Amino acid sequence: MSDSDLVLSVRDLIVEAALAEGTVRLVDGVSFEVRAHEVFGVVGESGSGKSITMLAIMGLLPPNARIAGGQVVFMGRDLAKLNEKELQQVRGNKLGMIFQDPMTSLNPVLRVGKQIAEAIRIHHPRMPETGVRRRVIELLELVEVPNPEQRYRQFPHEFSGGMRQRAMIAMALANEPALLIADEPTTALDVTIQAQIMELLASVRARTGASMILVTHDLGLVAETTDRVAVMYGGRILEMACVHDLFEIPRHPYTVGLLNSLPELHSEDGALYSIPGQPPDIRDRPSGCVFHPRCGLQQGRALCAHTQPTLAAGRSVGRLVACHFAEETPQWAAVAMKMDTVLEKENA
């Protein structure tokens with residue numbers, strides 16, 4: 001693949017935050033790329049660094065956090081080097097974001113139409129008021145909000161959860177971005193509305209040609225909608241592969257654990273697998289492989305505890321794995337999951 005279709009390139013991104021305990025590294029050397037028309041998934045447990053990575057890309061980190069190293073090259077410009085005024089020209093224009101909770105992202109005292117209109121006026125200050133209003137109504141129609149002219153005048157509390165999320169999508173699409181970041185866009189929605197929102201995003205992307213980063217806990221959603229996936233844990237990427245390869249033969253023990261945590265409809269006893277232990281405390285990240293305290297494959301080997309593995313290419317094209325013993329993972333997983341199943345049945 002050539003670099004001509006490269007939309008976003010994140011290289012060795014480091015994000016640090018100043019806490020009472022001192023400076024803490026929230027994101028530790030994250031690298032990935034997003035190409036034209038691609039849907040790139042980012043998965044991992046809460047606290048793995050998914051959302052903070054996206055906020056760093058957008059230039060929306062909290063006041064106590066900063067990008068301490070690396071590059072965020074979007075359409076040829078390193079966003080990590082831009083000042084706030086320069087970022088405002090990019091953010092909401094060619095780079096859009098759908099936030100996790102639309103109720104807290106929308107201003108409760110402003111009409112929805114005016115909030116969407118603001119995203120247009122910032123980047124098109126000379127557009128006449130009639131043109132802005134027309135564009136907002138077009139956007140509401142695009143995201144399938146019924147009675148858009150009436151909805152234009154309503155407040156967020158008059159919208160249902162699904163409708164508020166559609167309004168957020170309309171705002172993110174206002175200036176036809178080249179890249180759309182969707183951070184848990186369906187978390188607070190029921191299954192039916194979730195499916196409608198994802199179908200809507202696919203339809204809109206088909207019209208605009210936008211690439212998308214989908215941040216989610218929902219592995220089923222990832223399997224259905226993404227092209228490639230990065231698995232994050234403890235502020236690092238542990239595995240990255242095309243979605244089919246990742247689900248077919250995971251190479252990192254953490255990925256194995258995530259996939260086996262999915263509920264199975266045909267399970268005889270209804271037992272759910274869970275990864276032993278807890279995610280790491282970012283204030284005291286483990287040495288070596290960040291996952292080694294919870295990893296069944298490490299088997300007490302000193303290399304795992306003392307040497308951080310690099311995100312290196314595996315045998316499959318496009319697959320990257322940060323594990324010293326990645327080639328052992330499939331065989332270990334088959335044995336480990338079988339033993340866990342036996343133990344669960346014995347303890348039932």
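Tutor: Contact here means heavy atoms within 4.5 Å. The model is predicted. By that cut-off, Phe32 touches Leu8, Ser9, Val10, Arg11, Phe40, Thr53, Met54, Ile57, Ile213, Ile237 and Met240, not counting residues up to four places away in sequence.

Student: Which residues touch the most other members of the largest nonpolar core?

Tutor: Leu8, Phe32, Met54, Ile57, Leu95 and Ile213 do. That core has 38 residues. A second, separate core has 37 residues, including Val39, Met163, Leu189 and Ile197.

Student: What makes helix 1 (residues 50-58) count as mostly covered?

Tutor: Eight of its nine residues are buried. They are Lys50, Ile52, Thr53, Met54, Leu55, Ala56, Ile57 and Met58. The cut-off for buried is under 20% relative accessible area.

Student: What comes just after helix 1?

Tutor: Gly59, with a positive phi of about 75 degrees.

Student: Which residues other than glycine have a positive phi?

Tutor: Asn147 is one of them, with phi near 50 degrees. Asn147 lies in the loop between helix 5 and helix 6 (148-151). Gln299 is another, with a positive phi of about 50 degrees. Gln299 lies in the loop between helix 11 (253-260) and helix 12 (302-306).

Student: Why is Gln299 called exposed?

Tutor: Its relative accessible area is 56%. Exposed means over 50%. Gln299 is therefore exposed.

Student: Why is Glu239 called buried?

Tutor: Glu239 is at 0% relative accessibility. Buried means under 20%, so Glu239 counts as buried. Glu239 is found in strand 10 (residues 236-242).

Student: What makes the pairing of the Glu239 side chain with the Thr255 side chain a polar contact?

Tutor: The distance is 2.7 Å. The cut-off is a pair of N or O atoms within 3.5 Å, where one must be able to donate a hydrogen and the other to accept it. The Glu239 side chain also makes a polar contact with the side chain of Arg319, at 2.4 Å.

Student: Which residues does Glu239 touch?

Tutor: Leaving out residues up to four places away in sequence, the list includes Thr255 and Arg319. Also among them are Val229, Ala230, Val231, Leu246, Pro250, Arg251 and His252. Leu311, Leu320 and Val321 are on the list too.

Student: How do you know that Ala167 is buried?

Tutor: Ala167 has a relative accessible area of 0%. The limit for buried is under 20%, so Ala167 is buried. Ala167 is found in helix 7 (residues 161-172). Ala167 touches Val112, Ile116 and Phe159, not counting residues up to four places away in sequence.

Student: How far is Ala167 from Ala68?

Tutor: Their C-alpha atoms are separated by 34 Å. Along the chain, the two are 99 residues apart.

Student: How do helix 4 (residues 112-123) and helix 5 (residues 129-142) cross?

Tutor: Two packed helices are described by the angle between their axes and the distance between the axes. Here the axes come within 9 Å and cross at roughly 115 degrees. The crossing of helix 4 past helix 5 is right-handed.

Student: Which residues meet there?

Tutor: From helix 4 come Gly113, Ile116, Ala117, Ile120 and Arg121. From helix 5 come Glu129, Val132, Arg135, Val136, Leu139 and Leu140.

Student: How many of the residues in this contact are nonpolar, polar and charged?

Tutor: Seven are nonpolar, one is polar and three are charged. Gly counts as polar, and Glu and Arg count as charged.

Key. Residues are numbered from 1 along each chain as its sequence is written. This is a predicted model: local features need pLDDT of at least 70, side-chain atom pairs count only at pLDDT 80 or more; totals for chains, interfaces and linings use all residues. Side-chain values use heavy atoms; hydrogens and water are left out. Axes are lines fitted to C-alpha atoms, for helices over the stretch in contact, and angles run from 0 to 180 degrees between N-to-C directions. Helices (H or I, at least four residues) and strands (E, at least two) are DSSP runs, numbered from the N terminus. A crossing is left-handed if the near helix is turned anticlockwise from the far one by less than a right angle, and right-handed if clockwise. Buried means under 20% relative accessible area, exposed over 50%, partly exposed in between (1.4 Å probe, protein chains only). A nonpolar core is a set of buried Ala, Val, Leu, Ile, Met, Phe, Trp, Tyr and Cys residues joined through side-chain atoms within 4.5 Å.
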